[in-house]
Every structure is written in structure tokens, then in C-alpha cells.
Amino acid sequence: MIRSLMQVSIAAAVLALSMLMYGQESTAISGYAPVNGLKMYYEIHGQGQPLILIHGGLGPGDMFSAILPELSKGREVITVDLQAHGHTADIDRPLHYEAMADDIAALIRYLKIARADVMGYSVGGEVALRTEMQHPDVVRKLVIVSASFRRDGWYPEIVLRMSHLDPQTAEQMKQTPMYQSYVRVAPRPQDWRVLCTKLGMMFRQDYDWSEDVAKIKSPVLMTLGDADAVRTANAVEFFELLGGGRNDGGWDGSGMSNARLAILPGTTHYTIFSSPLLAAVVTQFLDARPTPAK
């Protein structure tokens, strides 16, 4: 448990630094969208093709602050706070990937966006994936960062650690910068224990979305660090389910699918969301013209 808390503290310290690098310079438009019983907080940065950014578990939407300036060059970036996270208050509903995906789709429709690019990290990556599966009509391109389509795609020790998230762990984590980041913006700071408990319950549920992944038609970028919490072998399987890595792409690229795989060197699960490498590969993917369907 001590090692787990240390790792959380390191991740939170990186998050705090990234917010300091950008926070006060933000000229975002912010608001609350009434979706599925929630008042979902969002911020809009820049102008252009919309990109929805979905944060990881326990973090707020501004965890992407370090790369927001790059991502928002020439596009409209919309950060969100999921149920019980950041500025968004909890409601009387369990945390489920499927429900949070419905919330994202409802936000896109509330903002009157025809089709948005959707990018999520960790828990947010799985919410982004479910958004494409459940609401493909609102997704143009999909970016999955350090997430899995199957529970055992995470290393066993990570699954165990996430499963142990409960009220007792929530109390211990009050000694970490992550808790301080939460209480800084949460409408009800006393709900920290509730958030941790609900996330732990969600993490203890098994899932395998292999069949749904294979049906995805949108262009997808799957990216993770070379020292990530998600198994590299799982990422490769994810890529192949999406149609990638099945044959030689050819000298003219005609054998390529719409799926892309990027493994970022020298990157962990706790640094990837603020990495300039991530911003670079995501920007290239979003700006590229999709490979024609065969």
C-alpha cells in the first residue's frame, strides 16, 4: 500500500506541475452542461475541429494543461470533468464506463457538434472507447491513451491496486497532492471518499470489449508509454483487432488500415498525459486524412 501511495503521489506531483505550467494563462470558455442528470463541467480552448479530452480516474480535466497549447493550435479543444471528478458534482448513480460514455455523447450533442474527435487517457480512454462503441455517429476520430479494451490488459499488480480503492484508501490518500488537487475545485470536497469508493467498485468489475472493438469503423490511434501500466502485448492485440498490423502496408501505404499504434519511448503511465511526444503524435493523427476504407 505504501508503494501504491508513493506512485499516486508522483503522478499527482506531475499533474500539479502541468497545471502550474498553463493554468493562469488559460482564456477558456467554461460552462456546465445538463446531461443525464449531471451538471457536467467543460472548458473550451481554441477554434476549429472539436476535440473532446477525457481525463483519467481521480484527476480533473485540466490534467492535460501541459499539452493543451499544442493541441489547441487550429482546433477547438473541450476538456471535461466526468461524474464526481473535478468541478462536476456526483449524482446518485454508480460509476460505469457505459454511463460516462453516454454523458460524453450527450455533451457533444448539447454543444451542437455534429462529429467530434474524442481522446481519453486511462479511465478516460476506456470512456472514450465506449463512446465510439455506443455512439459512433458523434465520433470522427478516436484517440486511446494508456487504456485497455479488456481488464487483464493492465498489469496484474495494477488491477489489484485499482481494486483496493475503497474508503480506507481514500483516507490514506488525503496525504497526497492528488487529494489537494481534488479539494481545490470540487463542489463538495467531502465526496472524495465517495469518488474513491465508486471507482473501486467499477474497477472490481470484469470487462472484455473485444467483439465491439473489432466493429469500430472510425480511425483510431492507440498510444501508450514503453513503461506503461497497460501491457504492451495488449496494445498490440488492440491494434490488430482494429485492423492494423495484419499485413505489409506497401510502398505507397495502400495496405494500411485506419488504425495507428504509437509506443512512446521513456514514458510511463504517470507522465504520458503531459508528454510533448503525445501531443506530437496526436496532432499528426488528427490532422491526417483517413486511409480510404477497403
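In strand β8 of this predicted model, R260 is the bridge partner of L221. The two strands concerned, β7 and β8, run parallel and are joined by 7 bridges. Pairing is assigned where DSSP finds at least two bridges between two strands. Helices (H or I, at least four residues) and strands (E, at least two) are DSSP runs, numbered from the N terminus.

Residues are numbered from 1 along each chain as its sequence is written, and side-chain values use heavy atoms, with hydrogens and water left out. Because the model is predicted, local features need pLDDT of at least 70 and side-chain atom pairs count only at pLDDT 80 or more, whereas totals for chains, interfaces and linings use all residues.

**Overall composition**

The protein contains 11 helices and 8 strands. Of its 294 residues, 56% are buried; buried means under 20% relative accessible area, exposed over 50%, and partly exposed in between (1.4 Å probe, protein chains only). Among contacts between residues at least 6 apart in sequence, 77% join residues at least 24 apart, a contact being heavy atoms within 4.5 Å.

**The sheet**

The 8 strands form an open sheet with mixed pairing, in the order β1-β2-β4-β3-β5-β6-β7-β8. Strands β1 (29-35) and β8 (259-268) stand at the edges, each with a single partner strand, so one side of each is left without a neighbour in the sheet. From one strand to the next, the twist averages 20°. Strands of a sheet pair through backbone hydrogen bonds, either parallel or antiparallel. Several of the pairings are set out below.

| Strand pair | Sense | Bridges |
|---|---|---|
| β1 and β2 | antiparallel | 7 bridges |
| β3 and β4 | parallel | 5 bridges |
| β3 and β5 | parallel | 4 bridges |
| β6 and β7 | parallel | 4 bridges |

Individual bridge partners locate these pairings in the sequence. I29 has I44 of β2 as its bridge partner, and L51 has V77 of β4. The bridge partner of I54 is G120 in β5, while that of V145 is T223 in β7.

Burial can also be stated strand by strand. In β3, 5 of the 6 residues are buried, and the strand is mostly covered. Strand β7 is likewise mostly covered, with 6 of its 8 residues buried. H45 belongs to strand β2 and is buried, with a relative accessible area of 5%. The C-alpha atoms of H45 and I29 are separated by 6.9 Å, although the residues are 16 apart along the chain.

**Helices against the sheet and each other**

Helix α3 lies across β1, β2, β3 (49-54), β4 (75-80) and β5 (116-121), and runs at about 115° to β1. Helix α11 (residues 276-287) lies across β3, β4, β5, β6 (139-145), β7 (220-227) and β8, at about 160° to β6. Axes are lines fitted to C-alpha atoms, for helices over the stretch in contact, and angles run from 0 to 180 degrees between N-to-C directions.

Helix α3 (residues 97-110) also packs against helix α4 (residues 123-134), at an angle of about 70° and with the axes 8 Å apart. That angle makes α3 roughly perpendicular to α4, the term covering 65 to 115 degrees, with angles under 35 degrees counting as roughly parallel, over 145 as roughly antiparallel and the rest as oblique. At this contact, Y97, E98, M100, A101, D102, I104 and A105 of α3 meet V123, E126, V127, R130, T131 and Q134 of α4.
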